[in-house]
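Please read these notes with the model open beside you.

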2 protein chains.
Amino acid sequence: MDFARRIQRVCRMFAGHRIDAMLISSLRNIYYLSSFSGSTAQVVLTRDVPLFLTDFRYYERFAEEVHPGYELVPFYQESLGAKLRELSRKHGFKRLGVEAEHVSVAQLEEMRENAGIEIVPLKGVVENLRAVKDAEEVAAIRKAVRLNEEVFLELLKLVKPEVTEADLAAEYEYRIRKRGAEAASFPPLIAFGMNSSKPHAAVSRQQMMPAMPLTFDLGVSLNGYCSDMTRTVFYGGVSQGWEEIFNIVREAKDAASESARPGVSCQEVDRVARSIIEGKGYDVYRVDSEERKYFGHGLGHGVGLEVHEAPRLNARSTDTLKKGMVVTIEPGIYLPGQGGIRLEDMYLVEEQGLSNLNTLSTDIIVVP
Amino acid sequence: MDFARRIQRVCRMFAGHRIDAMLISSLRNIYYLSSFSGSTAQVVLTRDVPLFLTDFRYYERFAEEVHPGYELVPFYQESLGAKLRELSRKHGFKRLGVEAEHVSVAQLEEMRENAGIEIVPLKGVVENLRAVKDAEEVAAIRKAVRLNEEVFLELLKLVKPEVTEADLAAEYEYRIRKRGAEAASFPPLIAFGMNSSKPHAAVSRQQMMPAMPLTFDLGVSLNGYCSDMTRTVFYGGVSQGWEEIFNIVREAKDAASESARPGVSCQEVDRVARSIIEGKGYDVYRVDSEERKYFGHGLGHGVGLEVHEAPRLNARSTDTLKKGMVVTIEPGIYLPGQGGIRLEDMYLVEEQGLSNLNTLSTDIIVVP
């Protein structure tokens, strides 16, 4: 990855934001700019040299994995404000940009008290760069997608009457690690039967129920890059009712992905899927006096170093698709107390439209 | 767990902070106050009723696991500030406390723009309650400690010439889940040979090296509560040099734990361990012109719903031990490029002093 170029792209924005240095606090953004994979660091990009603040525990990892352009600044259990004061004098900066989404109110207060320079909260500086992936990043994401698919296919072979959601989650975590993933990109969502009506069900000791949906929403982090895929399959058969709902969800997914290309608003892509689902009668139902939606969540999101990142595909999004973005499309229909269907693939936004990064079909699967 | 009492304890602080409602944003604090284990929620404690803001994906989980005193407030992709304005009118609050450590600068700005009420950042409100554990919490922590120890003993049996750090990490994650843990409380630190010189080494494909230290720093999250234990063992034999260092670390750990009791400052406990290690000559060394410490990290930290929480045991801590706190004591000596030794147990602060929650000895272990 070309870290020097990424650092440069941030520094080129200094003038526009009227700053002369930028503090990066998000560990994902630090990874993007340096390749550091540890859990404690701060980066200060200055006009002359990028500075890497970390502690004792990570000095050796700094030497091994951080982009060599950085200068190590030992920093442990000290005031960040006081350290910034010292660095501002040494490197001659006076207006420091900070990440408004990643600096807490308490941290900002401490910096303003002790740094003796102007602190300028800015939004999405690195995230906006990250939303558009380069070829190396897309290649890394493809590997994460493949690994996830391979392990999903293995899980299907393990579906048996006595197996529980928690058993499959443990198998999933084990198998992705044995294949080289750092971790799951989110806690595996494996929902049998009625549990599948909850888009984010907790993994339980629930066992299989015949002819009911089993939802697998799975993703890995491999070399920092994430994957995210959902398949709903059926155990021991599929009823006509569920098959109909499955086909509506698939139709919504396909229509949304075909409608998307650079320049199209993320809101519009969400609308395409939603209008198909609502048009088939899966709009709203009532619980007591309150209206709830059968498809109550957004259509999708960007994926990269984080499993949820820019852009957002939902009814309130103000994002627009750009070439090089990687997004999920994941419509669903959930019948409370009965079960639910969701299908999700990851797509690369290319000049002509979306290209599917997943390789598995969305045909109905009945296990075993 | 007595959620009603915990909520009450927060509400009783309203007058002292001159607020009439409190927004809780930290998911760990929300779990502490409600038992909710999902990934998206906000809680607003008001004088009349505690409000639980979450979205579609979690309505069923709200009904299943959240303390029944809460009222559900559907909230999805909206402005938090606008929602607070609406709630402030309905429930009659005008000065809302927020968690300064868990609200970002961007979130505070959005609330101040749209809520139309006064927003008061406060520090450590729920964390200070959480630092002192009740009997049920200690029982939950003991279970997490035991599960961790059992799986650690299993891992020792798997140490073989061809096994890698990553293999053992995958085995660890699998086995803790099969025994009911939600997840590891932090990514397992398993460091063979020279890697053990890095207190937070990345798990690698490194294989065994004879007569070198193997460090296992492991913890689980079980029913929300964490454990954290470190053992350094030796593969195929132990040299006299490493045995000496091992014994110094053990002496430092024992002396620190014996010095601790309610009312003793956390700084003092850190000093006891540090002075033993430094007194044996493991004070500082030089890399180029820069001084570095052989024991460069703090002595320990509180453990509960988070694996690192209040209090902090280090040279800059201003915390004091209280009855009911649960803390780690984990001194180490690290020889750069050679290896390192660390030992860590978890302790409950009782009237008379610390009681060790771990049950495994700290005698030298040679595997296989």
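1. Which residue in β14(A) is the bridge partner of Arg286(A)? The bridge partner is Glu291(A). The two strands concerned, β13 (residues 284-287) and β14 (residues 290-293) of chain A, pair in the antiparallel sense over four bridges. Two strands are said to pair if DSSP finds at least two bridges between them. Helices (H or I, at least four residues) and strands (E, at least two) are DSSP runs, numbered from the N terminus. The hairpin of β13(A) and β14(A) has two residues between the strands, and Asp288(A) takes a positive phi near 55° there.

2. On the source: this is a predicted model, in which local features need pLDDT of at least 70 and side-chain atom pairs count only at pLDDT 80 or more, while totals for chains, interfaces and linings use all residues. Residues are numbered from 1 along each chain as its sequence is written, and chains are lettered from A and ligands numbered from 1 in the order in which they are written.

3. On confidence: pLDDT is the predictor's confidence in each residue, from 0 to 100. For chain A the mean pLDDT is 94, and 99% of its residues reach 70 or more. The model has an ipTM of 0.86 and a pTM of 0.88. Where pLDDT is low, the predicted coordinates should not be read in detail.

4. How are the two chains related? Chain B is superposed on chain A by a rotation of 180° with 0.0 Å of shift along its axis, at an RMSD of 0.0 Å. The two copies are thus related as by a two-fold rotation axis. Ser104(B) has the C-alpha nearest the axis in chain B, 2.1 Å from it. The superposition is by least squares on the C-alpha atoms of residues with pLDDT of at least 70 in both copies.

5. The interface brings 39 residues of chain B into contact with 40 residues of chain A. Contact here requires that the C-beta atoms of two residues, placed from the backbone, lie within 7 Å. On the side of chain B that touches chain A, α4 (59-65), α6 (105-114) and α9 (165-178) of chain B each supply at least two residues. The most comes from α9(B), with seven residues. By class, this side of chain B has 17 nonpolar, 11 polar and 11 charged residues. Ala, Val, Leu, Ile, Met, Phe, Trp, Tyr, Cys and Pro count as nonpolar, Asp, Glu, Lys and Arg as charged, and the others, Gly among them, as polar. Because 100% of the interface residues of chain B are also interface residues in chain A, the copies meet through the same surface.

6. Chain A is divided into domain 1 (3-129) and domain 2 (132-367), with bounds from an automatic or database domain assignment. The centres of the two domains of chain A, taken over C-alpha atoms, are separated by 35 Å. Five residues from domain 1 of chain A and five residues from domain 2 of chain A make the contact. On the domain 1 side, α3 (27-34) and α7 (125-131) of chain A give two or more residues, and α3(A) gives the most, with three residues.

7. Chain B has an open sheet of six strands in the order β4-β3-β2-β1-β5-β6, with mixed pairing. At its edges stand β4 (71-74) and β6 (118-122) of chain B, each with a single partner strand, so one side of each is left without a neighbour in the sheet. The twist averages 25° from one strand to the next. Strands β2 (residues 42-46) and β3 (residues 50-54) of chain B run antiparallel and are joined by four bridges; Val44(B) stands opposite Leu51(B) in β3(B).

8. Another open sheet of chain B has four strands in the order β8-β9-β12-β22, again with mixed pairing. Strands β9 (residues 213-218) and β12 (residues 229-235) of chain B pair in the antiparallel sense over six bridges, and Asp217(B) stands opposite Thr230(B) in β12(B).

9. Finally, some backbone details. Most residues other than glycine have a negative phi, and most peptide bonds are trans. The peptide bond from Ala310(A) to Pro311(A) is cis, with omega near -5°, and Pro311(A) is found in strand β16 (residues 309-313) of chain A. Arg18(A), in the loop between α2 (14-17) and β1 (21-24) of chain A, has a positive phi near 55°.

Methods. Axes fitted to C-alpha atoms, helices over the stretch in contact; angles between N-to-C directions.
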